[in-house]
Amino acid sequence: MTRLAVSARVVTAPVAAASGPVVLAAVTAVAVIAAAASPVAVVAADRAAGAVKGDRELGQYLSSECVTCHQISGRYDGIPPIVGWPEESFVEILSEYRDKKRENQVMRSIAVKFSDEEIAALAAYFGSLKPRTD
Amino acid sequence: MIAVTRRVFSVASLAGVAAVAFPAVLRGQAKPRLVVIGGGPAGATVAKYVAKDSNGAIDVTLVEPLAKFVTCFHSNLYLGDFRSWDSIAHDYKLDAYGVKHVRQAASAIDRDKKQVRLADGSTLDYDRLVVAPGIDLAFDSVPGWSEEAAEVMPHAWKPGPQTQLLKTRLDALQDGATIVMVAPPNPYRCPPGPYERVSCMAAVLKKKGHSKSRIVVVDPKDRFSKMALFQEGWQAHYPGMVEWMDPKMHGGLKSVDPKTGTVVTDLETIKADLVNVIPKQMAGKIARDAGLANGTGYCPIDPATMKSAQDPNIFVLGDAAIAGAMPKSAFSANSQAKVVALAVRGELTGSRVFPARYANTCWSVIAADDTVKIGGRYEPKDGAIAEVEGFVSKTGEDKDVRRQTSEENMGWYKGIVADIFA
C-alpha cells in the first residue's frame, strides 16, 4: 500500500527533477523519492513488488559506503537523502543505476557490482531508518 | 596412542574454531583494545565505526594531538575564496560513540610488546593497531628548499598554518605577479589537488582584476589527473594566465632559492613573487620507523583488509598505504576505513565479515559552478586493490552538468565530514 501511494506521487513528480538540482528543505521523504527518482520510477509501479527481504546486517555494512555522501541523518546539503524510503523504491532506483539507466556517474560506479541481495540489504537497512528532525 | 592423539586433536580443533568465532570472549579477557594512530579521514573513521558498531565491546582509543581537524580536502576552496576557514575546521564528536581521544602525538610503535609510545613517554597497549598517519613531506627532495624555507615558499600540502600562509601570500599579490608551483612526483596525496589549486589561485587573481599575473607550473610529470579537463578549464576561465610545463619544456627542476624567490630549471631561471613547493611525499614517520613501509616509502597491505603486510596485528590505511589503483584521497581513506573497521571487529569480537568494497570520487573545482570529478570502484584482485569501474567528467560538458557537479561536491563534503567527525 505504501508502494502504491509512492508510485502515484512519483507519476506526478516534475520532469525537471531528473536533471535539475534536488531542492528541498522541509519536504517529506516521499517527495525526496519523487525528486530523486524521476518519472522513470513509474516503471516500478508496474513491477511486482514481491517481498523485498534484505539482510539488514549486510545492509548496515554496505550502507557505510553510501553515507560518505548521503547523510545518515537524512539531511540534504546537495546530495539527495536516502533514508526512510519504501524498500521497493530503493531497490528499483539502485538497480537502475546498476543497469546504467540513470545518469549519475558516481552512482553508476557505486552500484555496478551490487548483487540483487546486496541491493535488497541496503533497501532494508536504509528503509528502517528515519530522517532526523533536529 | 592414536586414540589419545585424535582426542587431543579434536579438542584443540574445537578450541581453535571457537577462538576464531569468539576470540576475546572465549579467552575471558578484558575488553579487546584498539588503538588508532591519526585522526584524519582514515583513522577517525575507523575509530568511530569500530566504537559505534561494536556497541562498546571494543575499547577504542584515538591518538591525535589536534582538538580540531582542518581538512586538506576543500582547503583549495578556501584558497580560492569558495569557502571559509571555519567551514573546513571540525571538532571531534566521537566520544558519543565511546571513542577515547588521547590528545598527544604517538612517538613510536613497539610491535613486539604491542604498545604505542606517546609523546609524554606513557604507553598504550593494543590488541589491534590502526596506523593512519597520512603523509610526510620529503623536505630534502627539492634542492634549496627545506622545512624552514617552507615559511617563505609554502607547501600548504598539510592543512593548517601553511594553508593560511599561502592564502595570505596569494591575497597580497599585485597585478603582474608570477606564481610558480613546483608540482610533486607520483605517488602523492590528492592527484588532482595541485591543478585544482592552480585553478583556485587563478580564480582569486581573476576576481581581483589581474590581467598580467601568471601561474607557472613546473611539473616532474608529463601528464596529470584530469589533465584535459583542467587545461580546457584554464583556457576557458583564465586565458593566458596558466602555463603548465612538463619535463620536456623545463628540462628538469634544478633548485629553488627562498632568499631571491627564484626557481631554477635546466632551461631558465624564473623570478617569482610566490613559490608553492609541493614536494615528494611518503608515509608518516611513525609508520616508516615501525618498519611498516617498504622501499617506496609507503606501506604494503593486504588488499582484502588493509592489514599491514609486515604485521598481522596492524592495519595501515589512507595516504600512508599502498592501495593499488586507489588514489590517495579522503574519500579513499574513508572507504578503506569501513573495510578496516569490519575486519577489526571480526577479529576482536567474531562479528560478521563481508567482502571488501572500496570506492573513490575526487571532485575538483575549476571555477565557480564549474566542478569536475573522477572516481571508481575497487576490489582486491591478484594481491592488490584493482579498479573494477571508473569514470571521469567529459570535456565540453554542459554548464548545468558542471553546476550539478559543484553542488554534489559541496554536498559530499558535508556528508563525509559528518561521517568522519560527528
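In strand S23 of chain B, B:Gly376 is the residue that stands opposite B:Asn360. The model is a predicted one, in which local features require a pLDDT of at least 70 and side-chain atom pairs count only at pLDDT 80 or more, whereas totals for chains, interfaces and linings use all residues. Residues are numbered from 1 along each chain as its sequence is written, and chains are lettered from A and ligands numbered from 1 in the order in which they are written.

Strand S22 (358-367) and strand S23 (residues 370-381) of chain B are joined in the antiparallel sense over nine bridges; strands are taken to pair if DSSP finds at least two bridges between them. Helices (H or I, at least four residues) and strands (E, at least two) are DSSP runs, numbered from the N terminus. Both strands belong to an open, antiparallel sheet of three strands in chain B, with the order S22-S23-S24. S22 and strand S24 (384-392) of chain B form the edges with a single partner strand each, so one side of each has no neighbour in the sheet. On average, neighbouring strands are turned by 25 degrees against each other, direction ignored. Helix H7 of chain B packs on this sheet, where S22 and S23 of chain B are touched, and the direction of H7(B) makes about 20 degrees with that of S22(B).

H7 (residues 227-237) of chain B also packs with helix H6 (residues 193-207) of chain B, at an angle of about 10 degrees and with the axes 10 Å apart. Axes are lines fitted to C-alpha atoms, for helices over the stretch in contact, and angles run from 0 to 180 degrees between N-to-C directions. H6(B) and H7(B) are therefore roughly parallel, a term that applies to angles under 35 degrees. In this packing, B:Tyr195, B:Ser199 and B:Ala202 of H6(B) meet B:Phe230, B:Gly233 and B:Trp234 of H7(B). The contact comprises four nonpolar, two polar and no charged residues, where Ala, Val, Leu, Ile, Met, Phe, Trp, Tyr, Cys and Pro count as nonpolar, Asp, Glu, Lys and Arg as charged, and the others, Gly among them, as polar.

Between the chains, 20 residues of chain A are in contact with 29 residues of chain B, contact being defined by C-beta atoms, placed from the backbone, that lie within 7 Å. On the side of chain A, helix H5 (56-66) and helix H7 (105-111) are the elements that give two or more residues. The largest share, five residues, comes from H5(A). This side of chain A has nine nonpolar, seven polar and four charged residues.

Technical notes: Parallel < 35°, antiparallel > 145°, perpendicular 65-115°, else oblique. Contact = placed C-beta atoms within 7 Å.
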